[in-house]
Amino acid sequence: MAKLKAGQWLAPFWGKRGYSTGRDPLGMQIASIGTYAILLPGLTNLTRRVRYYSYYCWVVEQYARVESHTDEAIFRQFIRRAELLYAFGMAICYPESPAVVGKDWAAVNIKGFENNLPDKHVVDIASGADQNGNRTYWKYSLGAFGQYFLGSLLHIGLIREREGNPGVYLCTDRGRQLADAFSVNLDSETTNEIINAVKGGKIDVRTLRAIQPKISLDAIQPESNEWKILISLLFGPDDGGRSQVPT
């Protein structure tokens, strides 16, 4: 809104970045982001960490399998805790890995994480992820999942909003394929350890060290089914998932 200051009207420039990084005062994404999101669906400044697409699909699918809640707040907490668990795992196991959501926050909250963190040390995921008035790893309510990845995940047909439950998301058939491909190296025990940590809000370092190499951002095997699906998503037809994904 324009305002009068020192006898002069100060009119806003509506395309200028304003109250939130990456958005203009109208609450719209800056033009460059809006343009390449349409021209190149799925490609963003975080696509170099494309395995997040796999991980988020797997997390959304696990939520649908283990939680009966359709409440947005519970879904939001599940996503944020899963995101921060991943950040702690990367900070502990791969401290030099760049562009990891929440890793800087995780790193400064683990004393001696570089070499000396004992296996029995318990990481409190809930205190860093749950929005209960304290400082958390991410301001946006749906974490980086909602702020940066959600648009692409919807656009390329990996997830959809649950009918009648705004703010709660489900995998599409295409997203479920990617989630299943991601889980190939996860046995039932590892899956249960991750889910229990997300629901319980805590995990010990020993378990994190065992889990993270299986789900690391750099752990995609070339020519694996997951690799083929991701390549197809990025280089295939821009039709929101209506084309057949190769298996």
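**Salt bridges**

I began by counting salt bridges in this predicted model, and the count comes to 10. I wanted a few of them in detail.

The one I opened up to begin with joins the side chains of Arg-49 and Asp-218, with N to O at 3.0 Å. Where do Arg-49 and Asp-218 lie? Arg-49 is in the loop between helix H1 (31-39) and helix H2 (51-66), while Asp-218 is in the loop between helix H9 (205-215) and H10, so this pair ties together parts that are 169 residues apart in sequence. I also checked the cover on Arg-49: its relative accessible area is 9%, and since buried means under 20%, Arg-49 is buried.

Next I went to Arg-65. Its side chain meets that of Glu-61 in a salt bridge, 3.1 Å from N to O. Both residues sit in helix H2, four residues apart, which is about one turn of the helix. I noted the general point here: an α-helix has 3.6 residues a turn, so residues three or four places apart point the same way.

Arg-65 has another partner, Asp-180, where the closest N and O atoms are 3.6 Å apart. Here Arg-65 is in helix H2 and Asp-180 is in helix H7 (residues 173-182), so the pair links parts 115 residues apart in sequence. Asp-180 is partly exposed, at a relative accessible area of 38%.

Leaving out residues up to four places away in sequence, Glu-61 touches Cys-171, Arg-176 and Ala-179.

Trp-58 is in helix H2 too. It is buried, with a relative accessible area of 3%. What is Trp-58 in contact with, leaving aside its neighbours within four places in sequence? I listed Ala-179, Phe-182, Ser-183, Leu-186, Thr-191, Ile-194 and Ile-195. I looked up one of these separately: Ser-183 is 125 residues from Trp-58 in sequence, yet their C-alpha atoms are 7.4 Å apart in space.

**Thr-190**

Then I moved on to helix H8 (residues 188-200), which holds Thr-190. Thr-190 has 4% relative accessibility, so it counts as buried. Not counting residues up to four places away in sequence, it touches Ile-211 and Lys-214.

**Helix H10, inside and out**

Which residues of H10 are buried? My list reads Glu-226, Ile-229, Leu-230, Ser-232, Leu-233 and Leu-234. The cover over these buried residues includes H2 and H7.

**How H3 meets H6**

Next entry: helix packing. Helix H3 (residues 72-93) and helix H6 (residues 143-155) pack at an angle of about 90°, and their axes are 7 Å apart. That makes H3 roughly perpendicular to H6. Which residues make the contact? From H3 I found Phe-75, Ile-79, Arg-80 and Glu-83, and from H6 I found Gly-143, Ala-144 and Phe-145.

**Positive phi angles**

Last, I looked at two backbone spots. Ala-99 has a positive phi of about 55° although it is not a glycine. It lies in the loop between H3 and helix H4 (103-108), and at 27% relative accessibility it counts as partly exposed.

Glu-223 is not a glycine either, but its phi is positive, about 70°. I located it in the loop between H9 and H10. Is Glu-223 buried or exposed? Its relative accessibility is 52%, and since exposed means over 50%, Glu-223 counts as exposed.

Key:
Residues numbered from 1 in each chain as written. Predicted model: local features only at pLDDT ≥ 70, side-chain atom pairs only at ≥ 80, totals over all residues. Heavy atoms only, no water. Axes fitted to C-alpha atoms, helices over the stretch in contact; angles between N-to-C directions. Parallel < 35°, antiparallel > 145°, perpendicular 65-115°, else oblique. Contact = heavy atoms within 4.5 Å. Buried < 20%, exposed > 50% of the residue type's maximum accessible area, 1.4 Å probe, protein only. Salt bridge = Lys/Arg side-chain N within 4 Å of Asp/Glu carboxyl O.
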